[in-house]
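Thanks for making time this morning. I would like to walk you through one model, element by element, and then stop at its ligand.

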Amino acid sequence: MSEVKRALITGITGQDGGHLAALLHEKGYEIYGIIRGQHNPKREAVISEFPYVTLIDADLTDQSSLIRAMQTARPHEVYNLGAISHVGYSFKDPMLTNDVTAKGVLNMLEAIRLTDPENTVRFYQASTSEMFGGLEYNRPEKGYTEESAFHPRSPYGVAKLYGHWITQNYRESYDMFAVSGILFNHEGDRRGVEFVTRKITNAVARIKLGLQDHIELGDLWPKRDWGYAGDYVEGMWRMLQQDQPKDYVLATGETHSIEEFLDLAFKEIGIEDWKPYVKQNPAFMRPAEVDLLLGDPTKAETELGWKRKVDFPGLVKLMVQHDLAVESKKI
Ligand code: GDP
């Protein structure tokens with residue numbers, strides 16, 4: 001019988017970490033997750049939802065802890081999903097964003113190199129559409145591809161671009177199986193309320209239940225290519241099962257404004273005109289904005305056989321219904 005596959009996930013407490021743990025468990029993997037901090041408030045939730053995950057205390061900014069994590073888990077696959085991942089927050093703490101989201105990738109790659117002399121470990125880096133920067137810098141016909149030019153517009157995007165290039169550099173320099181998935185926005189019931197989609201669906205559910213009367217948002221005109229996170233972790237896994245290490249865009253190939261998201265979310269609770277319920281608050285605007293993101297997933301669809309299953313209306317519905325169920329339990 002072949003050996004059980006072992007995976008090490010950084011960012012196990014985040015949205016994608018949860019979806020990926022569930023997927024790899026289904027596939028029979030032994031799963032290790034890196035968790036940071038003595039009083040991490042998410043620790044108990046991870047233990048109760050994913051009892052099959054072995055948690056390892058480590059920190060992307062502490063390379064020795066990553067070496068120990070590698071020695072404990074002895075993984076075949078490493079998924080680097082850990083990051084300071086919020087664009088708005090990255091403007092408030094650019095140094096920490098750099099330490100974790102940029103240098104953390106290098107720390108992880110070096111930890112792999114130092115503990116894997118046979119060079120057999122496969123590494124996935126969570127790259128992002130935020131590296132592209134929007135239409136002012138690059139106007140692709142069908143959407144951004146793996147070949148499109150980068151022009152990040154936030155400390156988060158800049159840090160992720162470093163992670164992207166250092167992953168490519170380790171692949172070219174040391175022949176590592178190291179790949180980046182350039183994932184466009186992916187949302188769902190595990191998304192944090194600091195992101196606009198979940199903030200909206202949570203508020204819509206609470207408005208329906210009489211728990212709040214309005215929502216405060218920043219700019220409503222930016223457009224994003226929003227998919228469902230559960231679909232996207234399948235793409236990550238597929239990237240690591242290929243014969244050759246290559247980078248791939250995962251996206252839906254559609255773009256929608258926040259206004260369109262509001263339209264569908266409020267319709268789900270029977271409200272046609274959401275304007276009386278939405279107030280604009282400059283606190284949620286950013287020093288620099290990405291106007292439009294649209295991905296072209298042709299390469300992933302052709303080479304990985306990957307395609308998103310949940311479409312935009314399906315995503316909004318899934319999130320509103322989930323939040324209605326969660327919020328109604330609080331009454
Ligand atoms: P991002 O694409 O990774 O930055 O994901 P977000 O969900 O944080 O933001 C998506 C878009 O929504 C960006 O253009 C934000 O400027 C915009 N936006 C408007 N109001 C808000 C808000 O209240 N919170 C967040 N997070 N984003 C908002």
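Let me begin with helix H1, which is mostly covered, as nine of its 12 residues are buried, where buried means under 20% relative accessible area, exposed over 50% and partly exposed in between, with a 1.4 Å probe and protein chains only. Before going further, please keep in mind that this is a predicted model, in which local features need pLDDT of at least 70 and side-chain atom pairs count only at pLDDT 80 or more, whereas totals for chains, interfaces and linings use all residues. Residues are numbered from 1 along each chain as its sequence is written, and side-chain values use heavy atoms, with hydrogens and water left out.

The buried residues of H1 include Gln15, Asp16, His19, Leu20 and Leu24. Helices (H or I, at least four residues) and strands (E, at least two) are DSSP runs, numbered from the N terminus. From its first C-alpha to its last, H1 reaches 17 Å, close to the 16 Å expected at 1.5 Å a residue, the expected span being 1.5 Å times one less than the number of residues in the helix. Just after H1, Gly28 takes a positive phi of about 85°.

As general background, nonpolar side chains tend to be buried together in soluble globular proteins.

Now to strand S4, residues 77-80, where both faces are covered, with Glu77 and Tyr79 buried on one side and Val78 and Asn80 buried on the other. S4 runs parallel to S1, to which four bridges join it, and it also runs parallel to S5, again through four bridges; two strands pair if DSSP finds at least two bridges between them. Within these pairings, Val78 is the bridge partner of Leu8 and stands opposite Phe123 in S5. Tyr79, leaving aside residues up to four places away in sequence, touches Leu20, Leu24, Tyr124 and Trp237, among others, a contact here meaning heavy atoms within 4.5 Å.

An oxygen atom of the ligand is 2.6 Å from an N or O atom in the side chain of Arg286, and a polar side-chain atom of Glu289 lies 2.5 Å from an oxygen atom of the ligand. On the backbone side, a polar atom of Gly218 is 2.8 Å from a nitrogen atom of the ligand.

His256 counts as buried because its relative accessibility is 13%.

Key. A polar contact is a pair of N or O atoms within 3.5 Å; within protein, one must be able to donate a hydrogen and the other to accept it, and residues adjacent in sequence count only if both atoms are side-chain atoms.
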